[in-house]
Amino acid sequence: MGAQRREFKDSFRKRSWRLLGLCNNFSYVVMLSAAHDILSQERAPGNQSHVDPGPTPIPHNISSRFDCNSVSTAAVLLADILPTLVIKLLAPFGFHLLPYSPRVLFSGVCAAGSFILVAFSHSVAISLCGVVLASISSGLGEVTFLSLTAFYSRAVISWWSSGTGGAGLLGALSYLGLTQAGLSPQHTLLSMLGVPALLLASYFLLLTAPKPQDPGGEGEAETSARQPLIGSEAPELKPGSSPNLSLQERWTVFKGLLWYIIPLVLVYFAEYFINQGLFELLYFRNTSLSHAQQYRWYQMLYQAGVFASRSSLRCCRIRFTWALALLQCLNLAFLLADVWFSFLPSIYLVFLIILYEGLLGGAAYVNTFHNIALETSDEHREFAMATTCISDTLGISLSGLLALPLHDFLCHLS
């Protein structure tokens, strides 16, 4: 009987953390999946009747063989990542002073606001403001929840990562599926408003408060029953309860983290340079898929790979994440060469490469944070998790900044 109860609690904890990861990253993923639609289409201000008359295309660069939008999809990437970068840069220096619950509440509100703002937008500029809200939501949520893992068993990192991978797959697949089924981008975004509500419900009603013995332990299934966080936030989750590290201690921990931070930056730089710099340019005219549909399929397949590898920690653990960074950079070089020389004969080969790209990215993420959880002391773990969060965001931001001039250069080639 006792074993069954422990198994049930363990399963319940898994579902809570997976839901948190899924809901937190959902709006971020959807905005990237909608990037081509955001930049290639906008509704006229007068078109807000009961029946959506459909989008009006922005003129493309017809002189280019790439069928380019007037602005690179990297613009959406930057709007979706730069606010996250600012949040993560500030996180190690003061976020521990803020309670977790208000942060989660603010994150959920921003996610809902992003869907509403983009859905009812009449211009690219306003849509990008909605994308910024999605960025604030996912960035603040990631810092908050990864820091929170320091108060639980190390196993929750695998569950959280699996949830974030699920967000990528479900977000990209739902946007692709609903738009393929004939739903307008506006109605597709509005149909996703339940996800921010699920985030708040998962945190306040499903997630259970940790006990002091959780950090560093693997057997949280053997702890007694916990109470939901709502109305009973544990002392460990209150501001200032984590050890106050000196600047010297923080610098020492940061230097030790560089072994993991640098390869994760490289992995995310390479894969998002591909995703937001090259996806739009990997255009095949000899298929039944339109340009927008090809872009959505690329995003979905990438997220499928991420989901599979972020959920693979139990069967495959990788100590040397530098190897993943090298392989991802080779992916970037290969696809950049194809954009330039157009030597791949079929879009299905690109589909396979993109799936592989997602596998590398997801594996780098989950193994990096798992290795850090294993190798940092209890008093340093919360700071280490919040600090390493900057890696993927920094790599993504750099890729967006470089993808913009690449887009302009290639799209102005005759």
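Me: How many disulfides does the rule count here?

Reply: Zero disulfides. Keep in mind that this is a predicted model. The rule asks for a pair of cysteine sulfur atoms within 2.5 Å, and the count by that rule comes to zero.

Me: Why is C389 called buried?

Reply: Buried means under 20% relative accessible area. C389 has 0% relative accessibility, so C389 counts as buried.

Me: And why is C329 called partly exposed?

Reply: The class lies between the 20% and 50% cut-offs. C329 has a relative accessible area of 31%, so C329 is partly exposed.

Me: What span is expected for helix α4, and what does α4 reach?

Reply: Helix α4 covers residues 100–119, which is 20 residues. At 1.5 Å a residue, 28 Å is expected. From first C-alpha to last, α4 reaches 29 Å, close to that value. Its buried residues include Y100, R103, C110 and F115.

Me: Which residues have the most contacts inside the largest nonpolar core?

Reply: They are W17, F145, L148, Y203, L278 and Y298, in a core of 93 residues. Helix α12, residues 347–375, gives the most to this core, with eleven residues. Another core, of nine residues, lies apart from it; Y260 and F383 are among them.

Me: What does Y298 touch?

Reply: Leaving out residues up to four places away in sequence, Y298 touches F279, L282, F284, I347, V350, F351 and I354.

Me: Which spans does UniProt label "transmembrane region"?

Reply: The unreviewed entry lists several, including 188–206 and 347–366. In the model, residues 188–206 are 84% helix. Residues 347–366 are 100% helix, with end C-alpha atoms 29 Å apart.

Definitions and conventions
Residues numbered from 1 in each chain as written. Predicted model: local features only at pLDDT ≥ 70, side-chain atom pairs only at ≥ 80, totals over all residues. Heavy atoms only, no water. UniProt positions renumbered as here; feature names shortened; annotations may be inferred. Helix = DSSP H or I, 4+ residues; strand = E, 2+ residues; numbered from the N terminus. Core = buried A, V, L, I, M, F, W, Y, C linked by side-chain atoms within 4.5 Å. Buried < 20%, exposed > 50% of the residue type's maximum accessible area, 1.4 Å probe, protein only. Contact = heavy atoms within 4.5 Å. Expected span 1.5 Å × (residues − 1).
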